[in-house]
Amino acid sequence: MEFKPYTKDELDACLELFDLNCPRFFAREERADYVHFLQLLSDAGSAHTVYLLGWREQRLIACFGMARVSSESCALSWIMVHPEYQRQGCGEEMMAQLFTRAAAARYRKVAVSTSQHADQFFARFGAVTLRSQNDGWGPGMHRVDMEISLPSVHTLTDAHKPGQ
């Protein structure tokens, strides 16, 4: 998968990818928040936020963001994979990218806000649950706030490289 930074020309492709992940991984009510997030990236950009799109054969198949929270931590945002490519290593590739970029920025922690449908994926990378809220993202979509301590995952990134 080839990662490229988001540009406003990819808005429709990102929204299509979001829609394909509803309602399994995102509540439909979250779409407006996602649009707002993408518009902020397009309008002003941010030195503290990167949103990367994963391409394979000129097709958008995955995306995720990393935003600075403090000098020692960042947050993972809007991570998703096209349903046809799920369970094929795309998530691991995105997490490896995240860990590489977070280490380069000297972050020590990554905040993850997810749902009950994806929390076990993040747990594989050392994420621990800090709190949860029933229906936090919408009806039937529980919010799960997690945190990854980066020193504990450096060996995991090697173990989760695609093809291994």
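Tutor: From the N terminus on, the elements run β-α-α-β-β-β-α-β-α-β-β-α, which makes five helices and seven strands. Helices (H or I, at least four residues) and strands (E, at least two) are DSSP runs, numbered from the N terminus. The model is predicted: local features need pLDDT of at least 70, side-chain atom pairs count only at pLDDT 80 or more, and totals for chains, interfaces and linings use all residues. Residues are numbered from 1 along each chain as its sequence is written, and side-chain values use heavy atoms, with hydrogens and water left out.

The strand to look at is β4, residues 73-81. Nine of its nine residues are buried, where buried means under 20% relative accessible area (1.4 Å probe, protein chains only). For the protein, 45% of the 164 residues count as buried.

One partner of β4 is β3, residues 59-70. The two strands pair in the antiparallel sense over seven bridges; strands pair if DSSP finds at least two bridges between them. A hairpin of two residues joins β3 to β4, and A62 has V81 of β4 as its bridge partner.

Strand β4 is also joined to β5, residues 109-115, by four bridges, and these two run parallel. Here S73 has K109 in β5 as its bridge partner. With helix α3 (residues 90-104), β4 and β5 make a right-handed β-α-β unit. Right-handed means that, with the strands pointing away from the viewer, the path from the first strand over the helix to the second runs clockwise.

Notes. Buried < 20%, exposed > 50% of the residue type's maximum accessible area, 1.4 Å probe, protein only.
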